[in-house]
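Hi,

Here is the structure I said I'd pass on. Have a look at it first, and my notes on the helix packing and the cores follow below.

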Amino acid sequence: MVYLELTQVSKIYGEKVLFDRVDLQVAKNTKVALVAKNGTGKSTLLRVAAGIDLPEGVGSNVYVHKEARMAYLPQEPDFGDNASVLDAVFDSDNDMVRAVRDYEEALSRTDEPAKLQDALTRMDRLRAWDIEARIKEVLSKLNIDDVHQKIDTLSGGQRKRVALAKLIIDEPDLIIMDEPTNHLDLEMIEWLEEWLQSPNLTLLMVTHDRYFLERVCNRIIELDGGNIYHYTGNYSQFLEKKAIREETESAELAKDKKRMKKELEWVRRMPSGRGTKAKSRLSAFDDLKNKVGSFRAEEELTIEIKGQRLGSKILEAHNISKSYGDKVLVKGFSHKFQKGERAGIVGKNGAGKSTLLHMLTKELPPDTGKVVHGVNTHFGYYTQDGINLKDDMRVIEVIREIAEFIPMEKGMKLTARGLLERFMFNSKQQQVYVSQLSGGEKRRLYLLTILMQNPNFLILDEPTNDLDIMTLNVLEDFLMDFPGCVLIVSHDRFFLDKLAHHLFVFEGDGKLKDWNGTYSEYREYARHREQEESDKSTAPPAAAAPAATPNPEKKEQVITQEQRKAIRRVENQISKLEARKAEISAAFEDAASLDPEKIAELGKALAEVNEQIEEKEMEWMELVGD
């Protein structure tokens with residue numbers, strides 16, 4: 001069954017053709033990724049598919065199956081003015097989701113006890129308590145704590161997480177997502193990745209996260225030169241099939257050029273008066289000429305900027321700490337960077353990653369300890385907040401404002417224009433205003449302004465956001481050969497695995513662990529440690545060692561007996577909780593005689609009891625299963 005179909009859709013802005021008469025199908029339960037260079041129309045195609053933008057072209061059509069409930073996650077969600085997180089997350093046509101919203105709203109309104117009673121009755125009638133627990137899990141995983149906070153007070157990353165929470169809670173059949181991993185920390189990304197692997201989800205997304213492409217997607221579509229190419233399989237299979245396609249195209253081009261050379265000789269020999277057969281051959285020659293002329297050699301981003309020499313002392317942190325009130329972000333961190341060191345920094349959002357970077361660059365003084373910079377250390381600091389390009393400047397003007405040329409390897413120099421060419425800004429794009437660039441193109445230009453300052457210590461704070469995969473691959477190759485030091489904060493697991501020699505891991509309460517290995521290796525270690533701790537917490541207390549070797553059969557009977565006791569204990573606890581729930585519900589029957597504070601108190605107590613019952617039922621199921 002086809003859930004989404006685009007037929008002969010086009011999008012053209014002036015002379016720029018983003019895509020021309022392309023077809024695209026998304027079948028039920030398939031997971032499709034759209035890949036392309038920045039500025040070639042990925043987000044625009046998603047907007048057309050989601051019905052936000054209208055397609056262009058004669059006969060163009062966008063079809064969505066009537067049984068498919070569709071949800072769209074844009075890069076920059078807009079919830080309108082004065083909306084709260086509660087308004088945004090629970091804006092749904094699902095009755096149970098709306099019941100949970102009314103219940104949450106009633107809990108905050110202590111002056112309207114009748115509303116809370118109605119909300120409780122509706123929750124019970126719809127059996128919506130499981131949905132409420134699921135919603136709380138989603139909000140917790142995405143670090144959304146205050147549902148009454150106004151949307152206009154949130155950062156761009158927080159808004160993205162709110163939009164993602166709404167989408168997950170609404171449980172649509174067909175999901176269209178534009179860079180869903182941006183602004184998520186690594187644990188959130190791994191949780192989202194696991195959720196998207198559900199076999200019942202149908203997905204069309206744009207992402208640069210190569211592990212997402214590898215583990216989630218079973219089909220990849222490439223948008224290149226206004227055309228669409230289809231590949232079955234995950235990211236690894238896409239790379240193999242793309243290489244075969246390009247090799248085939250290159251071979252065909254060589255044949256066409258050879259044939260065109262022969263045809264050109266014939267055209268030059270032919271007299272001006274031509275018969276019908278000659279005109280047909282001439283028409284075929286024109287078609288061949290257009291075909292060869294339309295072939296575009298793959299542009300390649302190359303970075304050969306010469307780095308400055310580092311001294312013996314580079315960057316040292318001596319027992320630095322930073323706190324804000326009672327919250328400790330960094331506690332007693334010390335490290336001496338060595339030549340050629342490449343380190344990553346990982347941790348949850350708000351853990352203190354950016355604070356650590358600001359202290360290391362001396363933009364922020366530590367509460368304790370000190371930071372020492374080497375005399376010859378020259379930082380290049382790429383930050384999310386540092387992209388401050390002037391919209392009314394042309395691309396070439398942005399670069400020339402920094403320098404007319406930069407030093408290269410082997411004593412060579414490169415002009416600003418030549419440097420832009422190497423960063424895939426051709427002569428036409430160099431004259432484009434910054435305001436006309438895509439988000440990824442702006443980040444590429446900003447990265448260029450950092451690199452051309454000739455740093456020998458690069459600090460990159462989320463450099464992969466909105467960069468296309470081709471740019472990421474070349475940037476990774478450059479950083480692998482970069483002679484200076486590199487310190488990276490990134491949620492891109494593939495990027496970290498490829499580049500970082502070791503990691504500084506925020507483990508809570510300001511503590512940083514220096515992990516000698518890749519991010520994937522660290523996650524495997526962390527999962528193993530979490531499993532061990534979980535096993536310890538659920539294991540029965542160790543019995544005192546007997547004087548003699550016990551009979552194995554008796555030991556088996558003792559364990560079984562202990563399990564039975566545990567099951568009976570949990571069943572008794574559930575009975576007591578159910579009685580408590582009935583008692584609270586009975587208290588609501590005469591809601592008119594209760595004051596608002598008492599209503600709120602009872603509502604919270606009921607929610608707590610429901611949560612406790614659910615936990616005990618899960619415990620009972622685990623005991624029975626064992």
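Before the first helix pair, a word on handedness: a crossing counts as left-handed when the near helix is turned anticlockwise from the far one by less than a right angle, and as right-handed when it is turned clockwise. Also keep in mind that this is a predicted model.

With that in hand, take H6 (residues 156-170) and H7 (residues 186-196), which pack at an angle of about 25 degrees with their axes 13 Å apart. Angles under 35 degrees count as roughly parallel, so H6 is roughly parallel to H7. The crossing of H6 past H7 is left-handed. On the H6 side the contact uses Arg 161, Leu 164, Leu 167 and Ile 168, and these meet Met 188, Trp 191, Leu 192 and Trp 195 of H7. By class, that contact comes to 7 nonpolar residues, 1 charged and no polar.

The second pair is H3 (residues 95-107) with H5 (residues 129-141), and here the angle is about 75 degrees, with the axes 9 Å apart. That makes H3 roughly perpendicular to H5. H3 brings Met 96, Val 97, Val 100, Tyr 103 and Glu 104 to the contact, while H5 brings Trp 129, Ile 131, Glu 132, Ile 135 and Lys 136. This contact of H3 with H5 has 7 nonpolar and 3 charged residues, and no polar ones.

Now the cores. Which residues touch the most other members of the largest nonpolar core? They are Tyr 103, Leu 142 and Leu 196, out of 67 residues in that core. The helix that gives the most to this core is H6, with 7 residues. Leaving aside residues up to four places away in sequence, Tyr 103 touches Leu 116, Ala 119, Leu 120, Met 123, Trp 129, Glu 132, Gly 603 and Ala 607. Another core, of 45 residues, lies apart from the largest one, and its members include Leu 186, Phe 423, Leu 437 and Leu 503.

Last, a look at H1 (residues 42-49). This helix is mostly covered, with 6 of its 8 residues buried. Those buried residues are Lys 42, Thr 44, Leu 45, Leu 46, Val 48 and Ala 49. Just after H1 comes Gly 51, which takes a positive phi of about 80 degrees.

That's what I have for now.

Cheers

Terms used. Residues are numbered from 1 along each chain as its sequence is written. This is a predicted model: local features need pLDDT of at least 70, side-chain atom pairs count only at pLDDT 80 or more; totals for chains, interfaces and linings use all residues. Side-chain values use heavy atoms; hydrogens and water are left out. Axes are lines fitted to C-alpha atoms, for helices over the stretch in contact, and angles run from 0 to 180 degrees between N-to-C directions. Helices (H or I, at least four residues) and strands (E, at least two) are DSSP runs, numbered from the N terminus. Angles under 35 degrees count as roughly parallel, over 145 as roughly antiparallel, 65 to 115 as roughly perpendicular and the rest as oblique. Contact means heavy atoms within 4.5 Å. Ala, Val, Leu, Ile, Met, Phe, Trp, Tyr, Cys and Pro count as nonpolar, Asp, Glu, Lys and Arg as charged, and the others, Gly among them, as polar. A nonpolar core is a set of buried Ala, Val, Leu, Ile, Met, Phe, Trp, Tyr and Cys residues joined through side-chain atoms within 4.5 Å. Buried means under 20% relative accessible area, exposed over 50%, partly exposed in between (1.4 Å probe, protein chains only).
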